[in-house]
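Please look over the sequence and the model first, then read on.

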Amino acid sequence: LEPVRRTVEQVLSDRRFDVVHAEQQQAFAGSRPALLAGLPVVLRAQNVESTLWTFAARYRSTFLRAFFRREAAKLGAWESRCVQEASVTIALTRLDAAAIRELAGSEARVETVEAPFAGHLEAGERSLEGDPAVIILASRKWLPNRDAVWRFVGETWPRVNQVLPSARLHVFGISKSVDRSAGVVWHPAPEQSSDAFPRGSVVAVPSRHPTGVPMKCLEAWARGIPVVGSPEAVEQLEAEDGREMLCASGSEQFARAMVMLHENPDLKVRLVEGGREALKKRHDPARVVAKLEDVYRQAREFVRTGV
């Protein structure tokens, strides 16, 4: 941390800046020289870290549950201080903005600026086995995603595969697994992201953690791939069930949604159109830049007036 602070001090002494942007809470500590110099600091919180740890505690042993909750409380106190010190804090979703205000107090200066994303990308040309080919993106390192993937493979997929025997689940991000579940194919992380979003596929987003943005949904929308997601994913994206994506909670609902997509091509078209419209409405990069510029102006005004 000290080398980062010294570097920031050096940069600030060499050049004049109007605003300092700290990307995520972890970077905020390094921005203290800017605060001491009276510069406005904008904190962009990609998720609420304490919420993630509180959520993760639910799925741990009794001993680890207590540890996770204790760490969540520490993180919450730290996040609160960061938000109170920042000139303005940016949340990516309305849900996160509300959670941040709850942590830091109703007077916290919090603005919602959605994640930017391209409105149209080409789907992958590589064909994958399965009718349909169901895609899920995994990460061994990020605990909420890892847990969601294993729950989906172990609890939800067997029911989907039962009602759609020709379907195949393609898990990207885990190249080797001891799991031998029927109809599951394991892949390493793709060299080209489009390879994980091939034409004719369906993307499953079973995430349950109540913070952040499921960026895989945005990429699926951009590439014209229909999405079946958890209620949490739907709420985070302010999506509507049946318009931008299908909402499914639990094995039976996921299986029912997959059957609906398999049997109704028109539904796929509506979801693709709805997803791309959502990107245009809420995630257009030009719109996001304009909102960011407004936040930076707010931050400068806050420091100038002290209110």
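How many bridges join strand S6 to S7? Four bridges join strand S6, which covers residues 168-172, to S7, and the two strands run parallel. One of the residues involved is leucine 169, whose bridge partner in S7 is valine 184.

## Overall form

The model shown here is predicted. Its protein chain contains 12 helices and 10 strands. The C-alpha trace spans about 65 × 45 × 35 Å along its principal axes. A compact globule of 307 residues would have a radius of gyration near 19 Å, and the 21 Å of the protein chain agrees with that.

Of the 307 residues, 47% count as buried. The accessible surface of the protein chain comes to about 15200 Å², and carbon and sulfur atoms account for 51% of this area. Among contacts between residues at least 6 apart in sequence, 64% join residues at least 24 apart.

## The six-stranded sheet

Strands S6 and S7 belong to an open sheet of six strands, in the order S7-S6-S5-S8-S9-S10, with parallel pairing. Its edge strands are S7 (184-187) and S10 (246-247), each of which pairs on one side only.

Strand S5 is joined to S6 by five bridges, and these two strands run parallel. Within this pairing, leucine 137 stands opposite phenylalanine 172 in S6. S5 is mostly covered, as five of its five residues are buried. In a regular strand the side chains alternate between the two faces of the sheet. In S5, Ala133, Ile135 and Leu137 point one way while Val134 and Ile136 point the other way, and all are buried.

## The loop between S4 and S5

Glycine 130 is found in the loop between S4 and S5. With a relative accessible area of 30%, glycine 130 is partly exposed. Leaving out residues up to four places away in sequence, glycine 130 touches Ser166, Ala167 and Arg168. The C-alpha atoms of glycine 130 and serine 166 are 5.8 Å apart in space, although 36 residues separate the two in sequence.

Glutamate 129 lies in the loop between S4 and S5 and arginine 168 in strand S6, so the pair ties together parts that are 39 residues apart in sequence. Arginine 168 is partly exposed, at a relative accessible area of 22%.

## Other salt bridges

The whole structure holds 17 salt bridges. In one of them, glutamate 114 pairs with lysine 291, and the closest N and O atoms are 3.0 Å apart. Because glutamate 114 sits in the loop between strand S4 (110-112) and strand S5 (133-137) and lysine 291 in helix H12 (residues 285-305), this pair ties together parts that are 177 residues apart in sequence. Glutamate 114 is buried, with a relative accessible area of 7%, whereas lysine 291 is partly exposed at 24%.

A salt bridge also links the side chains of glutamate 252 and arginine 159, at 3.0 Å from N to O. Glutamate 252 belongs to helix H10 (residues 251-263) and arginine 159 to helix H7 (residues 143-163), so parts 93 residues apart in sequence are tied together. Both partners are partly exposed: glutamate 252 has a relative accessibility of 43%, and arginine 159 has a relative accessible area of 26%.

## Arginine 223

Is arginine 223 buried or exposed? Arginine 223 has a relative accessibility of 12% and counts as buried, because buried means under 20% relative accessible area. This arginine is in the loop between helix H8 (215-222) and strand S9 (227-229).

What lies 2.4 Å from a polar atom of the side chain of arginine 223? It is the backbone oxygen of glutamate 122. With neighbours within four places in sequence left aside, arginine 223 is in contact with Leu121, Glu122, Ala123, Ser193, Ser194, Phe197 and Arg276.

Methods
Residues are numbered from 1 along each chain as its sequence is written. This is a predicted model: local features need pLDDT of at least 70, side-chain atom pairs count only at pLDDT 80 or more; totals for chains, interfaces and linings use all residues. Side-chain values use heavy atoms; hydrogens and water are left out. Two strands pair if DSSP finds at least two bridges between them. Buried means under 20% relative accessible area, exposed over 50%, partly exposed in between (1.4 Å probe, protein chains only). A polar contact is a pair of N or O atoms within 3.5 Å; within protein, one must be able to donate a hydrogen and the other to accept it, and residues adjacent in sequence count only if both atoms are side-chain atoms. Contact means heavy atoms within 4.5 Å. A salt bridge is a side-chain nitrogen of Lys or Arg within 4 Å of a carboxyl oxygen of Asp or Glu. The radius of gyration is taken over C-alpha atoms; the globule rule is 2.2 Å times the number of residues to the power 0.38. Accessible areas come from the Shrake-Rupley method with a 1.4 Å probe; for residues, only the protein chains shown count as cover.
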